[in-house]
Amino acid sequence: MRIERRAVAGRPARRTAAGIAVVSTAALALTACSGGNASGGGAGFADELDPEEEISLSLAWWGDDDRANKYEEAVALFEEQNPNIEVDTNWIAFDDYWPARNTEAASGSLPDVLQMDLSYLRQYGGTGQLADLSEAIDTNLDTSGFDEQLLAAGAIDGAQYGIPTSTNTLALFYNADVLDEIGVEPPAEGYTWEDYAAFVEEVEQAGSGEDPAIYGSGDYTTTFWFFCQWLIQQGTEPFTEDGELGFTEAEMTEFLELGSDARDAGIFFPIEKTKQIEPLGGFTVSEAASEMSWDNFLAGYVAETEQDIRMLPMPSGADGPRMFWKPSMLLSASANTEHPAAAAALIDFLVNAPEVGTIFGTSKGNPAVAAQRDAMEVEPGSIDEQVVSFEEEVADLVTEPAPIPVEGFGAIEAEYKRLGEELQYGNVTVDEFVTQWFAFAESNVGQS
């Protein structure tokens, strides 16, 4: 497996990533329980940062060249304001990032500050690899500008293991040009899951005579995050506080059966065609009029379709949409950092400094705090402006904290997708889907 490491103009690379090997969660837990090196010689999280102490921090993230350039620019500003602190940077592609962190965690050598994904927060936070940043709040870390629900998405059992850098939320995207072409109105404000099913059927009927045919949507019941969204609307937390599944086989069955009539009648965008055009999809080739996804996908949809793509809140349940902010990423500190105060100060700078908002814009999602959102240079009518406006419009509908995934989330999400394709092909029934998925989850939840 290859590590991608590139120097960025103006800030030479100063550190080489360790070799990569996959280790088990048991190894992570063993290392954490062995005591590690909690807070070696530097000031603690709650102590004032000493401006005279020469400090070297490590910072790691996943991303591409563009994100690397932005991080390097932000880090250069931090170093300029904190001349006693040098930050060694390290970045690689997402798929390589977690094996690298796994190796470091096994030896208690995670970077002082690292970019964190919500799906991995419990794996690293729950095994003692991450510091509880609560201690730094009000001294080296300011969280006063954060939405409470968003900040809570980085906490487990009261310990703040991650600070959100930015947000996104689920949305229903629709292609206004396609709907105009076939004479169908988009779902009305306050629409329900049942209303959406009726809309999908109406589009299929109106678009069946087009060449190629226009469909209302793909089978939205076969995406795990949409199931989580629906569960929350039923008053069910997808995952328990102790990292177990919080839903039943009956609830999964009920959600999957929301699509049974459309699936049986061939109303959804065909799975056979979906596989033929991958990595594109029915929506991105303008043959499906709508699709649910994260709101920061707008730029990609517009680029692919070159059409008028608009967003609506997710369908409502009995108590309304009950949406949630999902941190598009978080920043965490190693439990073994020797410079807790400096690590907290670096996180504080990256999530709060207005200059960082100007540098990143919405490239990591909508900045989490107003100071960074206000500092963005957003062109009127731009994609950035549309994403920001959408999140402002749905802010009152966001009433729930983001579900914090269980350990093994990646595997159970992938199995849900695989079985979803089998369901669409007609190779399994809903009952068989549910039975097989729960059997898989039983041996994978709690595994990394």
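1. A polar contact is a pair of N or O atoms within 3.5 Å; within protein, one atom must be able to donate a hydrogen and the other to accept it, and residues adjacent in sequence count only if both atoms are side-chain atoms. By this rule, five residue pairs (both at pLDDT 80 or more) are in polar contact across the interface of domain 1 and domain 2.

2. The model is predicted: local features need pLDDT of at least 70, side-chain atom pairs count only at pLDDT 80 or more, and totals for chains, interfaces and linings use all residues. Residues are numbered from 1 along each chain as its sequence is written, and side-chain values use heavy atoms, with hydrogens and water left out.

3. Domain 1 comprises 55-167 + 326-400 and domain 2 comprises 170-324 + 408-442; such bounds come from an automatic or database domain assignment. The centres of the two domains, taken over C-alpha atoms, are separated by 30 Å. In contact (heavy atoms within 4.5 Å) are 14 residues of domain 1 and 22 residues of domain 2.

4. Between them, the domains bury about 1,600 Å², with 66% of this area on carbon and sulfur atoms. Buried area here is the accessible area (1.4 Å probe) that two parts lose on being put together, summed over both. On the side of domain 1, the most area is lost to domain 2 by Lys-326, Phe-390 and Glu-400, which together account for 38% of what that side buries.

5. One salt bridge is counted between domain 1 and domain 2, the term denoting a side-chain nitrogen of Lys or Arg within 4 Å of a carboxyl oxygen of Asp or Glu. The side chains of Glu-400 and Arg-322 also meet in a salt bridge, at 3.3 Å from N to O. Helix 4 (118-125), helix 16 (383-393) and strand 13 (398-400) are the elements that give two or more residues to the side of domain 1 that touches domain 2. Helix 16 gives the most, with five residues. Helices (H or I, at least four residues) and strands (E, at least two) are DSSP runs, numbered from the N terminus.

6. The structure holds ten salt bridges. In one of them, Arg-101 pairs with Glu-104, the closest N and O atoms being 2.7 Å apart. Both residues lie in helix 3 (residues 94-106), three residues apart, about one turn of the helix. Arg-101 is buried, at 0% relative accessible area, and Glu-104 is buried at 7%. Buried means under 20% relative accessible area, exposed over 50%, and partly exposed in between (1.4 Å probe, protein chains only).

7. Lys-275 and Glu-421 form a salt bridge of 3.1 Å, N to O. Lys-275 belongs to helix 11 (residues 271-277) and Glu-421 to helix 17 (residues 409-425), so the pair ties together parts 146 residues apart in sequence. Lys-275 is partly exposed at 30% relative accessibility, whereas Glu-421 is buried at 16%. Both residues belong to a network of salt bridges that links Lys-275, Glu-278, Lys-417 and Glu-421.

8. Helix 17 also holds both Arg-418 and Glu-415, three residues apart, about one turn of the helix. Their salt bridge has its closest N and O atoms 3.0 Å apart. Arg-418 is partly exposed, with a relative accessible area of 39%, while Glu-415 is buried at 10%.

9. Helix 8 (residues 224-233) is mostly covered, with ten of its ten residues buried. Among them are Trp-225, Cys-228, Gln-229 and Gln-233. Gly-235 follows this helix and has a positive phi, near 85°.
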